[in-house]
Amino acid sequence: MRARLRFCAVLMLVGLGALVWRLWEVDVRDHDFYTAEIASNSAVRVRIPPVRGDILDRNGIVLAENRSTFSIELHLPEVVRAYRERHGHVPTLKYQSIIRGMPKMMTEPDIAQIVEADVLPRLRALGLSVTCDPGELEKHFRTDAEVPFILARNANFKTAAEFSEHDLDVPGVQVVAHPVRQYPFAALAAHVLGYVADPQKISDLPDARQFAFYEPNVEGKADIEEAMNRDLRGTPGARLMERNLKGVIDKKLGIVPPRTGDAVYLTLDARIQFITEQALRAVGRAGAVVVDPNNGDILAMASVPSFDPNTFIPSIAPAEWRELNDDRADPLVNRALATFPPGSTFKAVTSLAGLTQGLVDKTFTCTGGVTYGNHYFKCWNSHGHGTLHLSDAIKVSCNAFFYQYGNAAGIDAIDHVGSLLGLGQAPDLGLNGEDAGILPGPDWLRAHSPLDRWSQAQTANVSIGQGYDLVSPLQLALVYAAVANGGTAYYPRLVEKVTAPDGHPLSAPPPEVPPAPRVRARLSDAGISPEDLDVVRDGFWKVVNADDGPGGGGTAHKARLPGGIVAGKTGTAQAQLHGKQDTIAWFVGFAPYDHPRYVVCVMVQGGEHGGSVAAPIAARLLEQTLAMEQGDYKPTLTPLPPAHSAHPFEMVAAVNFDNPEKPGDAAKAEESAARAHKSAAAEKTAPPKASPARPAATPGHPNFFQRLFHFGSSK
């Protein structure tokens with residue numbers, strides 16, 4: 001028994017000693033450590049969202065920025081304290097809560113009654129119309145009392161100013177400015193810029209658990225806003241506060257300021273974008289692209305119908321969202337990136353493929369059509385064009401010539417050249433709706449229809465841009481850019497640079513911005529000599545400027561400008577839309593001819609012919625852009641409402657621009673025209689060596705700047 005008692009005594013002493021030792025560790029040795037732990041556990045971090053970076057054009061014109069909006073916020077503990085000081089008591093309410101899994105009745109200040117009795121009447125006396133949901137107020141007070149409760153969002157400046165004059169009379173109430181995204185030119189470049197919105201699930205955000213209260217910043221939801229979101233969003237800040245042992249915020253520890261997002265500069269020229277969108281509004285459904293053929297920069301990208309991204313801020317109304325999605329004309333679709341049958345504009349690819357096979361001097365005869373197998377392929381001219389070389393076949397867009405020429409070149413050569421120029425490949429710009437299109441051939445047919453075999457008839461169809469061919473306006477613009485600049489195919493570029501908010505360069509460019517220009521391919525590597533390429537270029541010049549010659553005149557005289565500075569190609573194709581036949585009208589061209597600076601591609605859905613619908617739009621666009629270069633036309637950038645046509649599915653037979661010449665502009669127009677012709681003449685002093693002779697421009701044609709202000713009627 002004594003042994004047992006001694007053992008128990010020793011055991012108790014050892015246990016007591018261990019307990020004393022542990023108490024000494026906690027209270028003495030590790031006192032500073034646990035004090036810091038308590039402090040960290042009582043720290044409250046409130047997230048401060050950053051200001052989103054601006055989006056600008058290549059010249060620094062702001063296309064997306066931030067405006068200030070105001071919210072009225074309540075610091076509820078301060079409101080309760082002020083009520084107690086004013087009235088000597090605080091109304092309370094009881095509610096049931098779950099503590100450690102057991103229901104328990106709790107008592108708290110009746111915050112809804114306090115706000116209704118002591119805050120709202122005084123705000124209303126200042127002329128501020130404010131209300132609040134009692135349930136939301138009570139929920140916020142119980143869970144996030146240390147975080148200001150937002151009583152009213154998007155208060156206007158007048159409301160904020162009224163409050164600021166009297167805010168000392170309303171303790172616990174403050175007006176706080178918040179940045180809100182704004183697109184100052186409304187629908188201008190909407191399909192490029194995209195829009196922003198609040199994140200759907202805050203809990204899924206990477207830094208959600210770092211803050212006691214999470215006030216999110218808007219996120220890019222489409223196009224550049226989404227593609228460059230990491231650069232634009234900035235870095236959040238934090239408001240640091242401390243809660244005492246009773247759970248009351250009694251100390252403000254400081255603020256970590258947020259960092260504004262970086263500025264993103266696009267390759268777009270806002271003036272050319274404005275000109276393009278204005279010209280494109282002559283029709284109901286269309287897309288257009290302007291690129292620099294010397295580096296692949298996208299200078300303008302437009303699509304109609306369009307939308308105003310401001311309607312998405314702070315959130316789009318359900319009725320407006322349904323209206324945009326239910327619109328059969330698809331205003332959210334970027335038609336500059338969507339793919340369509342290219343029609344005769346694809347003959348540029350077929351022409352280049354033939355050059356790789358040594359067909360530059362080959363002639364073919366058009367008698368009105370060609371037979372392959374048991375099918376007769378008609379030319380658009382049933383009487384035939386006679387015997388043609390490549391340049392004149394391009395001029396008159398002879399289908400029968402290209403049926404034979406394409407088969408002589410072979411589908412493998414056509415696919416090879418098309419692939420070199422980027423067809424069948426998505427542009428990878430980060431925009432919504434980027435479509436790779438279809439560059440069909442035997443391999444493609446085997447993958448999509450294993451029972452069918454490729455035939456000469458299918459090659460004939462592909463050669464004139466029909467059948468399975470699908471391309472986008474941007475892809476076609478880059479194909480013609482390679483022809484225009486002498487044989488270099490570039491990747492397209494939309495983001496020029498990213499800078500710090502103050503405009504200084506970043507220490508390292510973000511990975512979203514590849515170096516420029518980026519060469520995709522060189523036609524010389526495919527065996528196409530500069531002299532052979534000039535035959536194709538001359539054919540494009542004849543399309544716009546020749547009135548006669550073998551086979552007849554060109555198909556795009558409505559794209560003609562004084563001095564013969566425009567070259568290009570028309571196209572008309574058939575497509576299915578909503579189960580109905582749709583006609584696609586095209587024009588792709590470049591100017592000035594000898595030293596190209598602009599390539600433009602216009603696609604019109606529901607256009608009867610490329611020459612009568614798309615070509616006049618391209619002429620308008622090029623003419624105003626070239627005039628702007630010389631300082632004789634200054635587009636005034638103003639907010640553009642969304643483009644919308646009352647009858648977007650009506651067939652468009654022709655496009656006419658009728659802007660009467662302004663009084664007093666005649667002398668200026670004549671002087672400007674003289675300079676334009678002199679410049680064009682200077683450029684032509686060293687024409688390409690192998691370029692065939694070109695006929696002069698039509699006598700009596702309106703001069704360059706007369707046409708700028710007055711467009712004649714179209715046939």
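User: Which hand does the crossing of helix 15 and helix 18 have?
Analyst: Helices (H or I, at least four residues) and strands (E, at least two) are DSSP runs, numbered from the N terminus. A crossing is left-handed if the near helix is turned anticlockwise from the far one by less than a right angle, right-handed if clockwise. In this predicted model, the crossing of helix 15 and helix 18 is right-handed.

User: At what angle do the axes of helix 15 and helix 18 cross?
Analyst: Axes are lines fitted to C-alpha atoms, for helices over the stretch in contact (heavy atoms within 4.5 Å). Angles run from 0 to 180 degrees between N-to-C directions. Helix 15 (residues 399-409) and helix 18 (residues 456-463) have axes that come within 8 Å, crossing at roughly 115 degrees.

User: How many polar residues does the contact of helix 15 with helix 18 have?
Analyst: Helix 15 brings Phe-402, Tyr-403, Gly-406 and Asn-407; helix 18 brings Gln-456, Thr-459, Ala-460 and Ser-463. Ala, Val, Leu, Ile, Met, Phe, Trp, Tyr, Cys and Pro count as nonpolar, Asp, Glu, Lys and Arg as charged, the others, Gly among them, as polar. No residue is charged and 3 are nonpolar; the polar residues number 5.

User: How are helix 3 and helix 4 oriented to each other?
Analyst: Helix 3 (residues 76-87) packs on helix 4 (residues 111-118) at about 65 degrees, with axes 10 Å apart. Angles under 35 degrees count as roughly parallel, over 145 as roughly antiparallel, 65 to 115 as roughly perpendicular, the rest as oblique. The two helices are therefore roughly perpendicular.

User: What is the strand order of the open sheet of 5 strands?
Analyst: Strands pair if DSSP finds at least two bridges between them. Strand 14 (298-304) and strand 22 (567-577) are the edges, each pairing on one side only. Pairing is antiparallel, and the order is 14-13-24-23-22.

User: Which element has the lowest mean pLDDT?
Analyst: Residues are numbered from 1 along each chain as its sequence is written, and side-chain values use heavy atoms, leaving out hydrogens and water. Strand 13 (residues 286-291) has the highest mean, 98. The lowest, 34, belongs to helix 23.

Terms used:
Predicted model: local features only at pLDDT ≥ 70, side-chain atom pairs only at ≥ 80, totals over all residues. pLDDT = per-residue confidence, 0-100.
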